[in-house]
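My entries follow in the order in which I looked things up.

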Amino acid sequence: MHRSQIFMEILISLLLTPTPVLHQHATSPSTPRQLTMATSHSPKKKVLVPIVAGTEPVEASVPIDILRRAGADVTVASAGDALLVEIMYGVKIIADALVADCSAASYDLIVLPGGVPGAANLGACAALEGIVLRHAQKGGLYAAICAAPPLALARWGLLNGHKATAHPLFVEYFPPEVTAVDATVVVDGRVVTSRGPATSTEFALALVEQLHGKEKVEQITKAMLVRYEAGYSMKELNSVQWQCSGTPKVLLPLANGSEEMEAITIIDALRRANASVVVASVEDGLEIAALHGMRIVADVMLDDAAADQSQTQFDLIIVPGGMPGAETLGGSAKLVTLLKKQAEANRPYGAMGAATAHVLQPHGLLTGRKATTCTSMTGLLADASECENRVVVVVDGNVITSRGAGTAMEYALAVVEKLLGRDEARQLADDLLFSA
């Protein structure tokens, strides 16, 4: 929850009239979309993640991404009356289904993201309430993060007698029947709760453990390069002051197969810091089919963003990773031209994971620079010494790179520090509940 939105608590308090208590738990599946990530011959675990206007982007995208990595069949459902949902910070997502059409389905897990006023909007959705209550009655696993534990689950009586956590600004909205716990993630029986954007990865991994066990969690954390150390840090070489006048203007290009967790985390964090982020598609249309199945709607086509740059230059260009998205972006002549002009003008640019290896390296954009990338791509860098050092974020002059999805938030905070200063980055870290 962004600090400028605390005034929404007044509205939220009006929505907190508790509904009658329902006793616990249940399983309930759906008829979700087809998924590409099967991990065994046993039936896929079915998961429902509802979204609505005002849903927090990181709290939605991280569980969706990580649960799909684990092999779950995740249905993203709109709690509104249209599949296209604009969630917080102008992020546009196309859902797989409407909540209203999911009532006959069954799921192994239902996950409620937070956000303001998203959590309250979910709590006020009668169709969703009915689905979750029936699921709980059968003993199913359910979870919520940030403002959603008090504003949805507690409102429906589904946390009574349980220990739970929530965003610190919303803990006071728990009724007396709920035992509030100061922890990043709380698992109590068939209920899992968590605190906010920066705890989304730990929250999602706790859900994977509940569905698939600890071994699957270990596989995912290794592949994602998840780190558990508190705070963020970056290694800076050849330090220069990044220049931008007024509100920073940032270009973030996307292609089919781009990594949604990397892209959305960066968009969310930078827009929280009041940067103007332009999400540009290199595909034939604005809709992007991301690596793990999220459908993101870009703001503009890259050609239009490039034309706009002739009037107003970008202070920073960031290329997210993910395959085959990074290869597609590396093959975009328009994007490569923009990046080369950025480099020639000594303006900042950067990449994450596979994009460092497939966009920056092949086009001479790392010449004389240190950089890092994901483990599987280190052999593609001319100088992989920082990869060997396991550095999370590397800044070399005007170039900033990071390793992968598990380091996306650290990367975003480092970008904010370079663009807007250490104080702004620390304030953002606090807003995200990320210990700096």
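Entry 1, strand S7. I looked up which way the side chains go in this predicted model. Leu141, Ala143 and Ile145 point one way from S7, while Tyr142 and Ala144 point the other way, and all are buried. I took buried as under 20% relative accessible area, exposed as over 50% and partly exposed as in between, with a 1.4 Å probe and protein chains only. Strands (E, at least two residues) and helices (H or I, at least four residues) are DSSP runs, numbered from the N terminus.

Ground rules I noted: the model is predicted, local features need pLDDT of at least 70, side-chain atom pairs count only at pLDDT 80 or more, and totals for chains, interfaces and linings use all residues. Residues are numbered from 1 along each chain as its sequence is written, and side-chain values use heavy atoms, with hydrogens and water left out.

Entry 2, partners of S7. I counted strands as paired if DSSP finds at least two bridges between them. Strand S6 (residues 109-112) is joined to S7 by 4 bridges, and the two run parallel. Leu109 has Leu141 as its bridge partner in S7. S7 is also joined to strand S11 (residues 191-194) by 4 bridges, again parallel. There, Ala144 stands opposite Thr193.

I traced 7 strands in an open sheet, in the order S5-S2-S1-S6-S7-S11-S10, with mixed pairing. Its edge strands are S5 (97-98) and S10 (185-188), each pairing on one side only. S10 is joined to S11 by 4 bridges, and these two run antiparallel. Asp188 stands opposite Val191 in S11.

Entry 4, another sheet. I found 4 strands in an open sheet, ordered S3-S4-S16-S15, with antiparallel pairing. The edge strands here are S3 (84-86) and S15 (287-289), each pairing on one side only. Neighbouring strands of this sheet are turned by 30 degrees against each other on average, direction ignored. For that angle, axes are lines fitted to C-alpha atoms (for helices, over the stretch in contact), and angles run from 0 to 180 degrees between N-to-C directions. S3 and S4 (residues 92-94) run antiparallel and are joined by 3 bridges. Val85 stands opposite Ile93 in S4.

Cys374 is buried, at a relative accessible area of 16%. Cys146 is buried as well, at 1% relative accessibility.

I looked up the second largest pocket, which has a volume of about 350 Å³. It is lined by 20 residues, and the closest to its centre are Arg69, Ala223, Cys374, Ser376 and Arg403. Helix H7 (residues 214-224) gives the most to this lining, with 3 residues. By class, the lining has 9 nonpolar, 5 polar and 6 charged residues. Nonpolar covers Ala, Val, Leu, Ile, Met, Phe, Trp, Tyr, Cys and Pro, charged covers Asp, Glu, Lys and Arg, and the others, Gly among them, are polar.

On a 1 Å grid over the protein atoms alone, a pocket is an open set of points with protein on both sides within 12 Å along at least five of seven lines, a cavity is a set where a 1.4 Å probe fits but cannot get out, and lining residues have an atom within 4 Å of a point. Points are joined across faces, edges and corners, and a volume is the space filled by probe spheres set on them.

Entry 7, cavities. I found 2 cavities of 30 Å³ or more. Helix H8 (260-272) and strand S16 (295-297) are the elements that give two or more residues to its lining. Among its lining residues are Lys92, Arg271 and Asp299. The second largest cavity holds about 40 Å³. Its lining includes Arg68, Ile93 and Met294.

Ser200 lies in helix H6 (residues 200-212) and is buried at 0% relative accessibility. I noted Val62 at 6.2 Å from Ser200, C-alpha to C-alpha, although the two are 138 residues apart in sequence.
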